[in-house]
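Biologist: Hi! Could you walk me through this model, starting with the strands?

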Amino acid sequence: MSGVWVFKNNGVMQLVENPGEYAEGKRGGSGASKRKALVHLPTGQVVSSYTCLDQILRGLGWERYYDGDPDLFQFHKHSSIDLISLPKDFNKFNSIYMYDIVVKNPSIFHVRDI
């Protein structure tokens, strides 16, 4: 069993298994997480499409990788073993993919709440 122990106003403790949802509920939120955006730090530009991301990554030495899964949009670098795999549908581009790009391109990208 894992989670966070939360003290209520009446002094009773409660184990909360997903503290993020609990905090959203306490603030009166709907429980939905905040949307994230990938930001190109040198320009301050929010990545709003794969066309935009493709231009930035190519400028950093990344190349399109076409031999992989046809349902993915992929990039690789000759100088490393890194591979960036993204869903073909930009609407499915979420914070998991954004953080993968940030880790593989330190000081170039940042993920922010929007």
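Modeller: Strand β3 (residues 36-40) and β8 run antiparallel and are joined by five bridges. Two strands count as paired if DSSP finds at least two bridges between them. Helices (H or I, at least four residues) and strands (E, at least two) are DSSP runs, numbered from the N terminus. This is a predicted model, where local features need pLDDT of at least 70 and side-chain atom pairs count only at pLDDT 80 or more, while totals for chains, interfaces and linings use all residues. Residues are numbered from 1 along each chain as its sequence is written, and side-chain values use heavy atoms, with hydrogens and water left out.

Biologist: Which residue in β8 does Ala37 stand opposite?

Modeller: Ala37 faces Arg112 there.

Biologist: And what sheet do these strands belong to?

Modeller: An open sheet of three strands, with the order β4-β3-β8 and antiparallel pairing. β4 (45-46) and β8 (109-113) are at the edges with a single partner strand each, so one side of each has no neighbour in the sheet.

Biologist: Which helix packs on that sheet?

Modeller: Helix α3 (residues 95-104) does, touching β3 and β8. Touching, or contact, means heavy atoms within 4.5 Å. The direction of α3 makes about 25° with that of β3. Axes here are lines fitted to C-alpha atoms, for helices over the stretch in contact, and angles run from 0 to 180 degrees between N-to-C directions.

Biologist: OK, what about the sheet with β5 in it?

Modeller: That one is open too, with three antiparallel strands in the order β5-β6-β7. Its edge strands are β5 (63-65) and β7, and each pairs on one side only. The twist averages 30° from one strand to the next.

Biologist: How many bridges join β6 to β7?

Modeller: Five, and the two strands run antiparallel. A hairpin of six residues links β6 to β7, and Gln74 stands opposite Ser85 in β7. On the other pairing, three bridges join β5 to β6, with Arg64 opposite Phe75 in β6. Helix α2 packs on this sheet and touches β5, β6 and β7. The direction of α2 makes about 175° with that of β7.

Biologist: Switching topic: which residues have the most contacts inside the largest nonpolar core?

Modeller: Leu38, Leu53, Leu86, Phe93, Ile101 and Phe109, in a core of 18 residues. A nonpolar core is a set of buried Ala, Val, Leu, Ile, Met, Phe, Trp, Tyr and Cys residues joined through side-chain atoms within 4.5 Å. Buried means under 20% relative accessible area, exposed over 50%, and partly exposed in between (1.4 Å probe, protein chains only).

Biologist: Which element gives the most to this core?

Modeller: α2, with five residues. Leu38 also touches residues including Leu53, Phe93, Ile101 and Phe109.

Biologist: Why would side chains like that sit together?

Modeller: In soluble globular proteins, nonpolar side chains tend to be buried together.

Biologist: Last one: what lines the largest pocket?

Modeller: Its lining has 13 residues, with Arg35, Lys36, Ala37, Phe93 and Met98 nearest the centre. β3 gives the most to that lining, with three residues. On a 1 Å grid over the protein atoms alone, a pocket is an open set of points where a 1.4 Å probe fits, with protein on both sides within 12 Å along at least five of seven lines; lining residues have an atom within 4 Å of a point.

Definitions and conventions
Lists of a residue's contacts leave out its neighbours within four places in sequence.
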